[in-house]
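Visitor: I have a chain open on my screen and would like someone to walk me through it. Could you help me read it?

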Amino acid sequence: MTEIITYATSIYAGVKEPAIPKCWRRPKRKPCNGKLDTSLDHKEAVINFYCPKCQDEGIITGWKGLIWDISNGVDSQN
């Protein structure tokens, strides 16, 4: 989860983002090698993630102000 928060908020803040987070699911006990698509709704404080390979998806809330929140201090009107 921390990788997803760092990645999504760094894009929002306009800083060089880290590597695209990899999917951690293990469908049928084999690691998924997909890369996660992420979207951030800063106003609602929600990060959505989706793996196009295995279709895993989720929502992260409560991330604002954490040490992995790179957007901390960025005006939410961007």
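Guide: Happy to; here are a few questions and answers about this chain. This is a predicted model, where local features need pLDDT of at least 70, side-chain atom pairs count only at pLDDT 80 or more, and totals for chains, interfaces and linings use all residues. Residues are numbered from 1 along each chain as its sequence is written, and side-chain values use heavy atoms, with hydrogens and water left out.

Visitor: In what order do the elements of the chain run from the N terminus on?

Guide: Helices (H or I, at least four residues) and strands (E, at least two) are DSSP runs, numbered from the N terminus. The chain has 1 helix and 3 strands. From the N terminus on, the order is α-β-β-β.

Visitor: How far apart are the end C-alpha atoms of helix 1?

Guide: The expected span of a helix is 1.5 Å times one less than its number of residues. Helix 1 covers residues 2-13, which is 12 residues, so its span should be 16 Å. The model agrees, with the end C-alpha atoms apart by 16 Å.

Visitor: What covers the buried residues of helix 1?

Guide: Buried means under 20% relative accessible area, exposed over 50%, and partly exposed in between (1.4 Å probe, protein chains only). The buried residues in helix 1 are Ile4, Ile5, Thr6, Tyr7, Ala8, Thr9, Ser10 and Tyr12. Their cover includes strand 1 (37-41), strand 2 (46-50) and strand 3 (57-61).

Visitor: Is Glu3 buried or exposed?

Guide: Glu3 sits in helix 1. Because its relative accessibility is 55%, Glu3 counts as exposed.

Visitor: With which residues is Glu3 in contact, leaving aside its neighbours within four places in sequence?

Guide: Contact means heavy atoms within 4.5 Å. For orientation, Ile20 is 17 residues from Glu3 in sequence, and 8.4 Å from it in space, C-alpha to C-alpha. With those sequence neighbours within four places set aside, Glu3 is in contact with Pro21 and Lys22.

Visitor: Which side chain does a polar contact join to that of His42?

Guide: His42 lies in the loop between strand 1 and strand 2, and it counts as buried because its relative accessibility is 9%. A polar contact is a pair of N or O atoms within 3.5 Å; within protein, one must be able to donate a hydrogen and the other to accept it, and residues adjacent in sequence count only if both atoms are side-chain atoms. At 3.1 Å, the side chain joined to His42 in this way is that of Ser71.
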